[in-house]
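Here is a set of questions and answers about how the words used for a structure follow from their definitions. Please look at the model first and then read on.

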Amino acid sequence: MPTLVVGTGVSGGLALPYARSVRIGILTREWPPEIYGGAGVHVDQLVHELRRLTPVYVHCFGGHRTDAVAHPVPTALHGANPALQTLGVDLEMAMAVAEVDLVHSHTWYTNLAGHVASLLYGIPHVITAHSLEPLRPWKEEQLGGGYRVSSWVERSSYAEAKAVIAVSDGMRNDVLGAYPFVDPERVHVVHNGIDTSIYRPDTATSTLEEFGIAPERPYLLFVGRITRQKGLVHLLHAAKSFEGDIPLVMCASAADTPEIEVEIAAAVRELREVRGPDSVVWIEKQVDRAKLIQLFTHARAFLCPSIYEPLGIVNLEAMACETAVVASDVGGIPEVVTDGTTGLLVHYDAEDPRGFEQDFAAAVNALVADPARALAMGRAGRERAVAHFGWDAIAEQTVQVYRDALAR
């Protein structure tokens, strides 16, 4: 059978035994403009580069898109447990991908769609592991019994997938630890990436002024959803020990549950009582990318106190904007943040959260007290982001995984 190399002018194109282009179905919950986390950023940037190599068809959740097929929750499932709504969308996705040659699902939200499509049409299913349900037990607060459904979906899909892409070496270890039945040869490490032509320093200050942040005053920055995973409650406890009057700017919204939103609000009030009313600027909405880039650029340090993080793409975004990072040492974060060079890593111990908070505050205080060191770490961070995390190389590595899956 003749072999076709898919892609124009790109080394290492997709060489496959087909007499036509290989069609890839990307299955994702998030797609612009509805992106709220690192997985959505990953899919958006990856697809942009993959389309240079081979035909890609995106299927996403939600309302109408011009550049993807969108699947809303079936009418009959409105008001149902969110896990059931997800299954309804997944089944409609599976029905819609009959004409592709390989499906690639992202997060448990679309794993079932990929798994069913693989069974139905006899095509390979590739999964990117952005996170794992067994390592996020706090989701039971959000989903109730739906968490057992999401865990079943993920476990079943990983058992049958032709290939699993882990976004870090730490994530690969987590996959094999959580699902020992997965063949290690089927688990490939392909890091998340960053578009450093977009994420780059922006010296304008209009966003700071919009949110009441004094441009001439240093500040610390957190960006993330209000979820147990991001360690925001630990950050707010640690911030009580921040030295001086440097404020914390929090871009934090989309709480997993009303209960955790109330908990965070109480912690913010307590912090203001300890350090003063201007110690926290809480931006309680999703901030668009251009504004985030300004916030990254002007921060003395970006803070990432996550208790679970397969890679932490937001750290790459901060680094690309020449901002030093103070982060926990969980998951894939040490593969991004070079301790002592592009930022400082703090050991997280679930058995000693107070110790973690104290150590985190000490690391932050060290950079606040030494702005020259923070600037040097920021410059080194951008150099590292540019050199090691470009999306063009990541897309080609992903294509290699497709090639292997189609050949199995």
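Q: Where does Ser 21 lie, and why is Ser 21 called partly exposed?
A: Ser 21 lies in the loop between β2 (14–16) and β3 (24–28), where helices (H or I, at least four residues) and strands (E, at least two) are DSSP runs, numbered from the N terminus. Buried means under 20% relative accessible area, exposed means over 50%, and partly exposed is in between, with a 1.4 Å probe and protein chains only. The relative accessible area of Ser 21 is 33%, so Ser 21 is partly exposed.

This is a predicted model, in which local features need pLDDT of at least 70, side-chain atom pairs count only at pLDDT 80 or more, and totals for chains, interfaces and linings use all residues. Residues are numbered from 1 along each chain as its sequence is written, and side-chain values use heavy atoms, with hydrogens and water left out.

Q: Why does Asn 365 count as buried?
A: Asn 365, which lies in helix α12 (residues 353–368), has a relative accessibility of 11%, and because buried means under 20%, Asn 365 counts as buried.

Q: Which residues does Asn 365 touch, not counting residues up to four places away in sequence?
A: Asn 365 touches Ser 241, Phe 242 and Glu 243, where contact means heavy atoms within 4.5 Å.

Q: How do you know that β8 pairs with strand β7 and with strand β9?
A: Two strands pair if DSSP finds at least two bridges between them. Strand β7 (residues 125–129) is joined to β8 by 4 bridges, so these strands pair, and they run parallel. Between β8 and strand β9 (residues 187–189) there are 3 bridges, so these strands pair too, and they also run parallel. Ile 127 stands opposite Val 164 in β8, while Ala 166 stands opposite Val 189 in β9.

Q: Which way do the residues of strand β8 point, and are they buried or exposed?
A: From strand β8 (residues 163–166), Ala 163 and Ile 165 point one way and Val 164 and Ala 166 the other way, and all are buried.
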